[in-house]
Amino acid sequence: MDYLDASTETEFIAVATVLQEVQDRARTCGVDIMLVGAAARDILIRHVVGSPPQRATRDVAVAVKSWSEVECLTRSMDPTRGVVHKFLVLGTEVDVIPFGGIESPERTITWPNDHEMDVFGFAEALSSAVRVKLPGDLTVFVASLAAQSLLKLLAWKDRHYQDRKDAIDLSSIIDAYSQGPYFEQLYDDHENYIVQYEYDAALAGAARMGHEARNLIAEQNRQKIRALLNDEDIRARLAADMGGMSEPNLELINAYRAGYG
């Protein structure tokens, strides 16, 4: 799935209006943007699956490839107080996050206020991004759900496990892989997971997503996520933060981990 037409979805008009403003500025700078974060999650889950995510939000985040692109893109944006990567666009907060050649060997960036951010997964997300047409004849690149699962897992870790919203978002993203057309794909193209998990579509979808997330990452870089998923205490904490009952959440995480391998 590398193209979606969501141009008739009226609920995306507000985010499309903001993104149009950002994209117009990006084109002036010769910059390509990729939509990540909650808006990316909402677009792919709501449009493809048809169900709303667990956590409603108007958060908009875009990723670009260098500090110079951040500087050009945000030059005429109003910064928000206290958060170096948040800017106001048409009254909406927009995160602008750089990645790529500016990353440290550990796949991190350091902001001018010395805040270190893990940007592992952004380059991988770009390689698998979905082109989405939104209202207003706007087309943007959106991180795939498998890529978003990586970004949310690492965002939760990067915030030192203190912000449950990343875990709740991860739950919605994993859950989507057993609904709508993703449910049909399990039976059509991924029956091995259906059989392995005794026709439990939720667990089969989680395993499929873990496998697809792993395949986005070069072999030499896969251990970082594997080490996180193999930590029993971290898995238990993540399950508790995902909302609802911890036990079924842990089963989903374990299936995702098994798919990741």
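1. In strand 6, Val89 has Thr92 as its bridge partner. Phe87 is bridged to Val94 of strand 6. Strand 5 and strand 6 (residues 92–98) are antiparallel and share four bridges. Strands here are DSSP runs of E with at least two residues, helices are runs of H or I with at least four residues, and both are numbered from the N terminus. Two strands pair if DSSP finds at least two bridges between them.

2. The model is predicted: local features need pLDDT of at least 70, side-chain atom pairs count only at pLDDT 80 or more, and totals for chains, interfaces and linings use all residues. Residues are numbered from 1 along each chain as its sequence is written, and side-chain values use heavy atoms, with hydrogens and water left out.

3. The hairpin of strand 5 and strand 6 has two residues between the strands. Leu90 takes a positive phi near 50° there.

4. Strand 4 (residues 78–79) runs antiparallel to strand 5, with two bridges joining them. Pro79 has Phe87 as its bridge partner in strand 5. The hairpin of strand 4 and strand 5 has six residues between the strands, and Gly82 takes a positive phi near 90° in it.

5. Which side chains of strand 5 are buried? Phe87 and Val89 are, and they point to one face. Buried means under 20% relative accessible area, exposed over 50%, partly exposed in between (1.4 Å probe, protein chains only). In a regular strand, side chains alternate between the two faces of the sheet.

6. The sheet is open, with eight strands in the order 1-9-10-2-3-6-5-4 and mixed pairing. Strand 1 (3–5) and strand 4 are at the edges with a single partner strand each, so one side of each has no neighbour in the sheet.

7. Now the surface. Phe183, Tyr187, Val195 and Tyr199 make a nonpolar patch of about 390 Å². Patch residues have over 30% relative accessible area and no salt bridge; like charges are joined within 9 Å, nonpolar side chains (Val, Leu, Ile, Met, Phe, Trp, Tyr) within 5 Å. A salt bridge is a side-chain nitrogen of Lys or Arg within 4 Å of a carboxyl oxygen of Asp or Glu. Tyr199 sits in the loop between helix 8 and helix 9. Tyr199 counts as exposed because its relative accessibility is 51%.

8. Glu198, Asp200, Glu247 and Glu251 form a negative surface patch. Asp200 lies in the loop between helix 8 (191–196) and helix 9 (201–215). Its relative accessibility is 32%, so Asp200 counts as partly exposed.

Terms used
Areas by Shrake-Rupley, 256 points an atom, 1.4 Å probe, with all protein chains shown as cover. Lys, Arg positive; Asp, Glu negative; His and termini not counted. Charge placed at Lys NZ, Arg CZ, Asp CG, Glu CD.
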